[in-house]
Structures are given as C-alpha cells and as structure tokens.
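Me: I'd like to learn how to read helix packing, chain contacts and cores in a model like this one. Could you walk me through them?

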Amino acid sequence: MGEFLTLEKTGDTLKVSLRNNWQFANVAAFQSELDAIDPSGCKEIDFVCGGLKEFDLSGAWSLYDKSLDLEEQGYKSDFLGFKESHLKFVRHIIDVAAVNEYDPDFFKPVPRHLVRKQLEKIGAAAMRGFDSLGYITESIMDGCRNPSRLMVGETLRQIHETGFRAIPIVVVVTFLMGVVLAYQGASQLVDFGATIFVVDLVSTSIFRELGVLLAAIMVAGRSGSAFAAAIGTMKLNEEIDALRVMGLNPNQILILPRILGLTIAMPFLTVFANISGLAGGAFICIMTLDMSVVQFYQRVAGSVAMMDFWVGLIKAPFFAILIAATGTLRGMQVTGSAEELGRLTTLAVVQSIFLIIIADAFFTVLFNRMGV
Amino acid sequence: MAPQANTVTSQPAASEQQYDHIIQIRDLVNTFGKQLVHDKLCLDVRRDEILGVVGGSGTGKSVLLRSILGLHRTNDGTITVLGHTIRYLQPGPFRQWGVLFQGGALLSGLTVQENVELPIALHSNMSRENRRELACLKIFMTGLTLEAGAKYPNELSGGMRKRASLARALALDPKILFLDEPTAGLDPIAATEFDNLITYLQQNLDLTVVMVTHDVDSLFNICDRIAVLIDGGIVVDTPQRIVHHPHPWVQSYFGDPRAARAREAAT
C-alpha cells in the first residue's frame, strides 16, 4: 500500500484504489507506483476512485496510459466509481488521442553514416566559405555602386566608434607589451653585456609586428563582436528588411561604412600602438637599465629604418578589412534565434583573430622574401 | 445595482461574495512618473470563468497583467492569486498558472517539443520517455502535430506559434491561464479557431482564463465577463450588460460598428 494506491485482490480481479492528490506536483511519485503494479495472476484490473482528492491532466494521463498498457498485455481494465469531474480529464485525453497518435518511433535518432556525414559537412563548410567570400565581395561592390551622402556620416561615426574610442585600451595594452619585451630582453642580454640591444629588440618587434597585431586583436574583440551583434539583432528584428523596402541598401549603410571606417581608423590606431609600445620600452630602459632619454632616442633612430615603420603600417588596412568583413558577414548570417546570434558573434571574433594571424604570417614571409 | 453616469466604482459589489475568487486585487496603485495608471483598482476573478480585459491604450492593461504575474513593481495594493500573495520578481504559484505572452515568447534555441518539455523537466523528475509523451499530449491538445513539435519557433507560422506557446503554458496543468492578446495578428478564421480552442480547453480542464484582448469577436463569443479599465479604475460585468454602462469610453468602444456586429453575431 503506497501513498497514492491501494491494491486489493479478489479472485482474478485486482482492485486498484486511488488516494490523495493526483496532480502534476506528484507526477513522478504516482507514476512509479503505477509502474510497480504487478497484475500477474489476475484477468481484470479495475481502477477505483476511492479516496482520490485532486485530479488533473497529468494524473488522468498517467492512469489512462497505464490502463492502455495493461490492455495491450491482454488484461481487462476498467475505471469504476470516478466522479464526472475526474472522468472529464480522461475523456479529454481520449478525444485528443483520437485526432493525433503518439509515436515513440518519431523520436528515435536517425541512423548515422559517420564517414558520409563528415564528408558532407566538409563539403558544406567549403561551399559556405566560397559563399561568404562571394557575398562580402558583392556587398562591397554593391555598396560602392551608388555612393550616397548617408554613407559619409555613418563612416565617420564608425571611425569614432571603432578607432577613436579604442585608443585608450590599445595604448595601455601595447605600453605593457613594450614593458614586457624590454624586461624579458634585458634579462637575456645582460649576460652578454649587450643591454643596449634591448632598444633594437623592442623597437623592431613593436614597429614591424606587435604594434599592429595587438591593435588588430583588440579591435577584433571590440568591434568584430559589436558588428556581428548589432547587425545580427537588426536582422532578427526585421530591421534589415525594413531598410530594404524603404529603398535603402543595407550593404551601403551598414556594411560598407563599417569596413571603410575601420580601414581608415586602423592605421591611426597602429601609429598610437607603436608610439605607446616604444614608450613602454623606453620607460623600462630609462628606469632600470640606466639609459638616458637621448641615448634611447639615438639608438632607436640608428636601429629602426623608416621601412620597418611602413612594414607594420601597411598591414593595418588589410587586418581592418578582415575584421570588418568577418564581423558584418556573420551578422548578416544570423537567422531565427537568439542562440544563433550568440554563436555567430563568437565565430566572428574567433575567425577574425584567426585570419589576422594567418595574414600576418603571410606578410612576414612575403616581406622576408622581398628583403625588406 | 445600476452604475451611475460617468463614475467608476473601484469597490467590488457586495454580491460578489457568493463566488469563489481565484484572483483578488485590492487597492492596486501603479504610477508612471506623474501619470496615475491604476488608482486603487480592485478586481476579483471568479473560478472557472473567462474574463476579458479591455481598455484604451495607456490604461494599463499590460501593466495590470504584469502586476498580477509579479513582473511589475506596483506602487501599492495587494494581489492574491490562489491564496498566494504576489511580490515583485518573487516566484508566484508558477505550477498553477500558465501565461501566453503576446509574441509567444518561445525559447528560440529549442524546438517546440523541447520548449514544452522544459518546464516539465524542471518541476518533476519524470522519466525522459514519460516526459516526452506528456509534452506530446499538450502539443496535440493545442491542435499541433508531432512534425510541428519537431520544428523551431522561427519555422512556424504565427497561428502555430500561438498554439505552441499555449501548449507550453499548459505544460504544468495550470489552474489559471493568462492570455495577452491571444488572437492579435491572426486572420479571422485562425482567430475563431483559437477562440474555440480556448473555450474547449477551459471547459475540459477547469481553467480560469484572464485574457487581455482587443478582439471584439472573442469578447462576445467566449468571455463570461468583461473588465473595462477606465480612469484608473475598472468596471466588470457580463458582455450583455456592460454595453449599457454609461461611461463615454465604454459607449464609444461598444458602440463602434465592429463591436455592434460582433455582439449581434454572438447573440
């Protein structure tokens, strides 16, 4: 005798009396009691209302399901003594079941062909890659076709948003990177009595590689995600569609200004990054390596050619295009759900940083071969 | 008791006491800045009735609904639902109420089936198989199919999305169903079907339904009583009698040709 059921066997009839509240709150409890009923040795199982207090759809459904199971196993089953207000729920379930049949097979996972699935995935990813490349090229071309005055203001806004407001964080990060480089360099070079070469190390690596790379990574984190999230949300709210039907080209007023703005802002950010990275190196050299400002300046002037500066700076617009294109493209790909928005925003940041590093490797090899 | 011209009594009539009240609102005050939206509003919702809530824009229909659900910080007054005193952002009698939000508010990252299973999984420790079957029952109840249940909300039409979120609202076998503009955005045929579905479920499952609506057809076809929000207070009466209330807004609302046609069609 459980909390919800009382079993009573007379002849070949099993009488199951219901007790207490058969409501959703207790659903797991009375279901397990129902499952525990052992009908062996009986022909008929009767469910009796007994001390049933509250009843709801979950209770009715559990009971009905059990009686169907029993009938499938060859037992007779009946409901006795239920009030009309209780039977109503059972009747409702029967009505619903008459229209729609529950089919457990529907939820069985489809058998998977692993190799084929993987190949299909790779193929689909490659197709998507080409598709994206085509889409973004088309957007840029389309945006350039009929330039409007609207674009100028939006581009300026993007320069302010992605460039000007990124200055503080970029300056701080590269300054610290300069400090780190100088410290690490000094601890190695001091053994050779060649501490003056710390200046060469810091200035060359900051100008050629680290300044622009750090700035680009910071911008990818700041603006790549912002582009994807902003455009993605507009996509979800049908704002992009609204722009289209008003005759405004979203490529022109959303995508192109972002790419253009970032491409303009990025070289300036790189200059800031270079200066502050150098300042970080100078700070350590002057404070801990007993160099004078003049000495540091002369060493920098002697070791760094103007070419080093340009080698770093030329990468900036390329990185900017990669970040802005990835961010806006992922934003435009958002459809349907909020989760999709989150996934694509993450993807925008990860992919743009990945692409930046690949492009940087490419540039390094290229410049090395060219001998600059 | 004949209501007096142009006045809105906020106190419930003495004759209300014979009914079993599932929701009780006493002296509810809500303000937005200087604007007084609800001024000592009192409302009783009877067990097993369908109550339609109407009012002009800005009269606080949604605010009233959100106050009852504990989603709005009220300025004053008490709200009791099934003996539960509602407090701002505190869990209410969530097992006993279901809400159909205006846009459906289905979780967009889950399929309809998963949306319905979610509350069941959170509030019971049923086996996965049983949970799935119970969720299917709720989905079938609202007239959807297994195939529709496997879809994501953004793949559904407006009418199907309403049905899917109704299925989720019914997931925990609630006693009260709150509907926010259930037929908004549906074509007349779909709206009538949805109205019929609500009445059918209300009668079969002993539900109490509170619905904010502007659909005059629903008001006259399925509502037992209509509550009109006017001047910070509320007037509640049967559809037959409320149209005779002398307040100008009530007169212009129900005197509108569309409302008149709906009233004639319903009688």
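Reply: Happy to. Let's begin with one crossing: α2(B) passes α5(B) in a right-handed way. A crossing is right-handed if the near helix is turned clockwise from the far one by less than a right angle, and left-handed if anticlockwise. Helices are DSSP runs of H or I with at least four residues, numbered from the N terminus. This is a predicted model, where local features need pLDDT of at least 70, side-chain atom pairs count only at pLDDT 80 or more, and totals for chains, interfaces and linings use all residues. Residues are numbered from 1 along each chain as its sequence is written, while chains are lettered from A and ligands numbered from 1 in the order in which they are written.

Me: At what angle do α2(B) and α5(B) pack?

Reply: Two packed helices are described by the angle between their axes and the distance between the axes. For α2 (residues 112-123) and α5 (residues 158-169) of chain B, the angle is about 20 degrees and the axes are 8 Å apart. Axes are lines fitted to C-alpha atoms, for helices over the stretch in contact, and angles run from 0 to 180 degrees between N-to-C directions. The two helices are therefore roughly parallel to each other (angles under 35 degrees count as such).

Me: Which residues of α2(B) meet α5(B)?

Reply: Val112(B), Asn115(B), Val116(B) and Pro119(B) do, facing Ala164(B), Ala167(B) and Arg168(B) in α5(B). Contact here means C-beta atoms, placed from the backbone, within 7 Å. By class, this contact has five nonpolar, one polar and one charged residues (nonpolar: Ala, Val, Leu, Ile, Met, Phe, Trp, Tyr, Cys and Pro; charged: Asp, Glu, Lys and Arg; polar: the others, Gly among them).

Me: What about chain A: where do α9(A) and α11(A) cross?

Reply: The axes of α9 (residues 250-288) and α11 (residues 306-332) of chain A come within 8 Å and cross at roughly 145 degrees. This crossing is right-handed as well. Its contact has 15 nonpolar, five polar and one charged residues.

Me: How many residues do the chains bring into contact?

Reply: 24 residues of chain A touch 22 residues of chain B. On chain A's side, α3(A) gives the largest share, five residues.

Me: And which residues have the most contacts inside the largest nonpolar core?

Reply: In soluble globular proteins, nonpolar side chains tend to be buried together. The largest core here has 93 residues, and Val53(B), Phe178(B), Val209(B) and Val228(B) have the most contacts inside it. Helix α3 (residues 128-141) of chain B supplies its largest share, seven residues. A core joins buried Ala, Val, Leu, Ile, Met, Phe, Trp, Tyr and Cys residues through C-beta atoms within 7 Å, buried meaning 20 or more other C-beta atoms within 10 Å of a residue's own.

Note on methods. Two residues are in contact if their C-beta atoms, placed from the backbone, lie within 7 Å. A residue is buried if 20 or more other C-beta atoms lie within 10 Å of its own, exposed if 12 or fewer, and partly exposed in between; C-beta atoms are placed from the backbone. Angles under 35 degrees count as roughly parallel, over 145 as roughly antiparallel, 65 to 115 as roughly perpendicular and the rest as oblique.
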